[in-house]
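Hi there,

Here is the structure I promised to send over. My notes follow below it, and I hope they are handy when you open the file.

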Amino acid sequence: MTRFLVIGVTGTIGSNLLRRLLRDGEEVFVTRRDRSNLNRLAAVNGCFQTVSCEVTEAGSVSRVFEEVNPDVVFYLASTRFNPPSKPSIDMAVNVIGMTNVLEALRAFPETKMIFTGSAAAYGSGSMLREDWKLSPNTVFGA
């Protein structure tokens, strides 16, 4: 069985990924901020292990990796898209948070990392496509 760590599980993508991993019978650990909304996880509550983590704090991230020793990490942590959060918060979670995760991974060379992006990297509007040229128009998208 593979040990999965899903960082940022309370959003739409994270909660759907969690349900899929659980349906596949995988061992899943998730991180969430202490103040995050757990509504999307209600149907699978108790089927996974939760580890408290603030991705903007390097020590918190390292502690989670040591505790979980994951085989695969999904990085889905993000900030609100609609309405948008402050650019400084976007930078903290999306840049510093990712940096903390990458630094923690140095001690786990066999662990695979999967990073997801955002449609905001392609600009704004509907019907955005992944094969389009990157054209972010917000800090979040960048």
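How much space lies in the largest pocket? About 1300 Å³, bearing in mind that this is a predicted model. The pocket's lining is made up of 44 residues, and those nearest its centre are Leu76, Ala77, Ser78, Thr79 and Phe140. By residue type, the lining splits into 19 nonpolar, 18 polar and seven charged.

I also looked at the aromatic rings. Searching the whole structure turned up three aromatic pairs, and two of them are described here.

One of the pairs is Phe4 with Phe74, which is stacked, at 6.0 Å centre to centre and 25° between the planes. Phe4 sits in strand β1 (residues 3-7) and Phe74 in strand β4 (residues 72-75), so this contact ties together parts 70 residues apart in sequence. Both partners are buried: Phe4 has a relative accessible area of 10%, and Phe74 comes in at 12%.

Tyr75 and Phe115 form another pair; their ring centres are 6.2 Å apart and their planes lie at 20°, so this one is stacked too. Here strand β4, which holds Tyr75, is tied to strand β5 (residues 112-115), which holds Phe115, and the parts are 40 residues apart in sequence. Tyr75 is buried, at 1% relative accessible area, whereas Phe115 is exposed, at 51%.

Notes: Residues numbered from 1 in each chain as written. Predicted model: local features only at pLDDT ≥ 70, side-chain atom pairs only at ≥ 80, totals over all residues. Heavy atoms only, no water. Phe/Tyr/Trp six-rings, centres within 6.5 Å; stacked < 30°, edge-to-face > 60°. Helix = DSSP H or I, 4+ residues; strand = E, 2+ residues; numbered from the N terminus. Buried < 20%, exposed > 50% of the residue type's maximum accessible area, 1.4 Å probe, protein only. 1 Å grid on protein atoms, 1.4 Å probe; cavity = no way out; pocket = protein on both sides within 12 Å on 5 of 7 lines; lining within 4 Å. Points joined across faces, edges and corners; volume = space filled by probe spheres on them. Nonpolar A, V, L, I, M, F, W, Y, C, P; charged D, E, K, R; others polar.
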